[in-house]
Amino acid sequence: TRTSRPQRILKAVQRKATVGDPQSVITAIDHFCRHREWAMNVGDEKGSILDSVVSEVSPVTVLELGTYCGYSTVRIARLLPPGACVITLEFNPDYAAIARQVIKWSGLEDKVQLVEGASGDWIPWMKEHFGVQAFDLVFLDHWKERYLPDTKLLEECGLIQKGTVLLADNVICPGTPDYLEYVRNSPRYNSHYYRSHLEYTKAEDGLEKSVFLGY
Ligand SMILES: Cc1ncnc2c1ncn2[C@@H]1O[C@H](/C=C/CNC(=O)c2cc(-c3ccc(F)cc3)cc(O)c2O)[C@@H](O)[C@H]1O
Ligand SMILES: [Mg+2]
């Protein structure tokens, strides 16, 4: 087809959502992906769990791995207080370009720092480049086999400290078995599984929340 799926998602936002109204952007994407074309956004059901974790943590600095179209970026940023921000990493330039426009349409660009590049390349620079001490919340939603190596890299870079919350999407479907085994068996994490469904479907999926307990 001439346009890409992310481009069709952006069109749905521009047609149905109100500029400056993040909830209308979320609703427009969910409606499009439920009734027109499935896409790998965290979705409304798991999105509500994401919302509750963001509200509970009330983070000042958030790291999101895997922006895609910016759906979860908007969900997170809309709940952040003034002065708080989400840094989101996306290595596909086409997806990044769409996400920038979705984030702009929602009016949340001041709370979002979208960085184009691979997580493994950028994580080591977070402190120096963004002045981040440690992340209060990390939302993992990128390539599933990168969850574990990037978590270990974040630990090595001192970006995960006592109290940091990791929230991982898709721990059942498509699944992240090595990551799950790590956070559930490590004495340094307190993990909880939020059972839910794969976005816009009846298949099981869920989010794993892991709190770092310190060294
Ligand atoms: C190391 C690195 N650095 C930076 N950006 C990175 C990056 N690795 C990937 N990205 C970026 O992040 C997104 C990728 C997300 C991958 N997500 C999924 O594969 C996914 C799949 C499903 C799914 C479930 C059942 C099915 F039958 C089919 C698909 C559901 C989901 O929720 C998913 O998240 C995408 O925007 C990609 O460019
Ligand atoms: Mg996902």
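Start by selecting Val60: at 49% relative accessibility, Val60 counts as partly exposed (buried means under 20% relative accessible area, exposed over 50%, partly exposed in between, with a 1.4 Å probe and protein chains only). You'll find Val60 in the loop between helix 3 (43–57) and strand 1 (61–65); helices (H or I, at least four residues) and strands (E, at least two) are DSSP runs, numbered from the N terminus.

A quick word before moving on: this is a predicted model, where local features need pLDDT of at least 70, side-chain atom pairs count only at pLDDT 80 or more, and totals for chains, interfaces and linings use all residues. Residues are numbered from 1 along each chain as its sequence is written, chains are lettered from A and ligands numbered from 1 in the order in which they are written, and side-chain values use heavy atoms, with hydrogens and water left out.

Stay on Val60 and bring up what surrounds it. Leaving aside residues up to four places away in sequence, Val60 touches Gly83, Ala84, Cys85 and Asp136, contact meaning heavy atoms within 4.5 Å.

Zoom in on strand 6 and strand 7 (residues 204–212), which pair in the antiparallel sense over 9 bridges. Click Ser191 and you'll see Ser210 in strand 7 standing opposite. Then pick Tyr200, in the loop between strand 6 and strand 7. Tyr200 has a positive phi of about 65° although it is not a glycine, and it is buried, with a relative accessible area of 12%.

Tyr68 is another one to click: it has a positive phi of about 55° and is not a glycine either. Tyr68 lies in the loop between strand 1 and helix 4 (71–77) and counts as buried at 11% relative accessibility.

Axes here are lines fitted to C-alpha atoms, for helices over the stretch in contact, and angles run from 0 to 180 degrees between N-to-C directions.

**The magnesium ion**

Select ligand 2. Which residues coordinate the magnesium ion? They are Asp141 (OD), Asp169 (OD) and Asn170 (OD1), at 2.0 to 2.2 Å. Donors are N, O and S atoms within 2.8 Å of the metal (3.2 Å for Na, K and Ca); water is not among the atoms, so sites may look incomplete. Along the chain, the donors follow the spacing D-x27-D-N. Asp141 is in the loop between strand 4 (137–140) and helix 8 (147–156), and Asp169 is in the loop between strand 5 (165–168) and helix 9 (171–175), 28 residues apart. Asp141 is buried at 14% relative accessible area, and Asp169 is buried at 0%.

From there, hop to Tyr147 in helix 8, which is buried, with a relative accessible area of 0%. Among the residues Tyr147 touches are Asp141, Asp169 and Asn170, along with His142, Thr176 and Tyr179. While you're in this area, pick Cys173 and Pro174: a cis peptide bond joins them, with omega about 10°. Pro174 has its place in helix 9.

**Helix 5 and its partners**

Last stop: show helix 5 (residues 93–106) with helix 1 (residues 5–16), whose axes come within 10 Å and cross at roughly 10°. Helix 1 and helix 5 are therefore roughly parallel (angles under 35 degrees count as roughly parallel, over 145 as roughly antiparallel, 65 to 115 as roughly perpendicular and the rest as oblique). Leu10 and Val13 are among the helix 1 residues in this contact, and Ile98 and Trp105 among those of helix 5.

To see the contact, select Pro22, Val25 and Ile29 in helix 2 with Val102, Trp105 and Ser106 in helix 5.

Definitions and conventions: Two strands pair if DSSP finds at least two bridges between them.
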